[in-house]
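Please view the sequence and structure first.

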2 protein chains.
Amino acid sequence: MKIGEVARRTGVAPRLVRYYEQQGLPTAERAADGYRRYDEADVERVERVAGKVRAGIPTRLVKAAAR
Amino acid sequence: MKIGEVARRTGVAPRLVRYYEQQGLPTAERAADGYRRYDEADVERVERVAGKVRAGIPTRLVKAAAR
DNA sequence: CGTGTAAGGAATTCTGACACG
DNA sequence: CGTGTAAGGAATTCTGACACG
């Protein structure tokens with residue numbers, strides 16, 4: 001699925017999904033057309049990351065915790 | 001999947017897939033965004049229809065044969 | 001009749017940037 | 001730091017039409 005569907009399902013704006021990825025929280029692969037491609041597992045990852053960020057944990061720490 | 005993917009998989013131009021549908025050979029449902037939505041079974045249907053049309057059978061007869 | 005193409009619009013995505021606090 | 005938005009481009013889809021043979 002593409003980023004728009006992930007956004008609808010997680011309630012996380014596409015802008016933020018891209019931001020998390022930029023911060024090094026791996027959430028997507030690229031399709032041949034350059035668009036990000038997500039699967040079910042990615043949806044869960046986005047949800048978990050968003051939950052921690054909402055709890056006030058900086059993305060740097062979320063990333064560290066994921067290690 | 002959308003019409004573009006059906007076209008790539010069947011080798012039938014999107015223009016023709018729409019044409020078959022217009023002729024009453026049912027091949028698609030509509031998504032909420034107005035785009036045609038296809039599944040695996042639709043791909044097979046498009047292939048069968050295209051085969052008959054290439055064999056010279058008019059779409060009217062292909063439709064009749066499908067009844 | 002089956003198929004191609006140009007036309008104009010809409011929706012989605014992409015990136016890099018400015019904004020705020 | 002996390003998030004919104006405007007900017008400009010690209011790819012895909014939609015419809016109705018003109019073209020040809």
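This is a predicted model: local features need pLDDT of at least 70, side-chain atom pairs count only at pLDDT 80 or more; totals for chains, interfaces and linings use all residues.

## Surface near DNA strand D

Sorted by class, the surface near DNA strand D holds eight nonpolar, four polar and six charged residues.

## Surface near DNA strand C

Around DNA strand C there are 17 residues, and Lys2(A), Gly4(A), Arg36(A), Ala13(B) and Thr59(B) come nearest. Helix H1 (3-10) and helix H2 (14-22) of chain A, and helix H2 (14-22) of chain B, each supply at least two residues of this surface. H2(B) gives the most, with three residues. The classes here are eight nonpolar, four polar and five charged residues.

## Helix H3 of chain A

Helix H3 of chain A runs over residues 40-54 and has 15 residues. From first C-alpha to last, H3(A) reaches 21 Å, close to the 21 Å expected at 1.5 Å a residue.

Asp42(A), Arg45(A), Val46(A) and Val49(A) are buried in H3(A). These residues lie on the same side of H3(A) because they cover an arc of only 100 degrees around the axis. The buried residues of H3(A) pack against H1, H2 and helix H4 (59-65) of chain A. Glu40(A), Glu44(A) and Arg54(A), on the other side of H3(A), are exposed. Just after H3(A), Gly56(A) has a positive phi of about 100 degrees.

Conventions: Residues are numbered from 1 along each chain as its sequence is written. Chains are lettered from A and ligands numbered from 1 in the order in which they are written. A residue is near a molecule or strand if its C-beta atom, placed from the backbone, lies within 6 Å of it. Helices (H or I, at least four residues) and strands (E, at least two) are DSSP runs, numbered from the N terminus. Ala, Val, Leu, Ile, Met, Phe, Trp, Tyr, Cys and Pro count as nonpolar, Asp, Glu, Lys and Arg as charged, and the others, Gly among them, as polar. The expected span of a helix is 1.5 Å times one less than its number of residues. A residue is buried if 20 or more other C-beta atoms lie within 10 Å of its own, exposed if 12 or fewer, and partly exposed in between; C-beta atoms are placed from the backbone. The arc is that of the directions from the helix axis to the C-beta atoms. Two residues are in contact if their C-beta atoms, placed from the backbone, lie within 7 Å.
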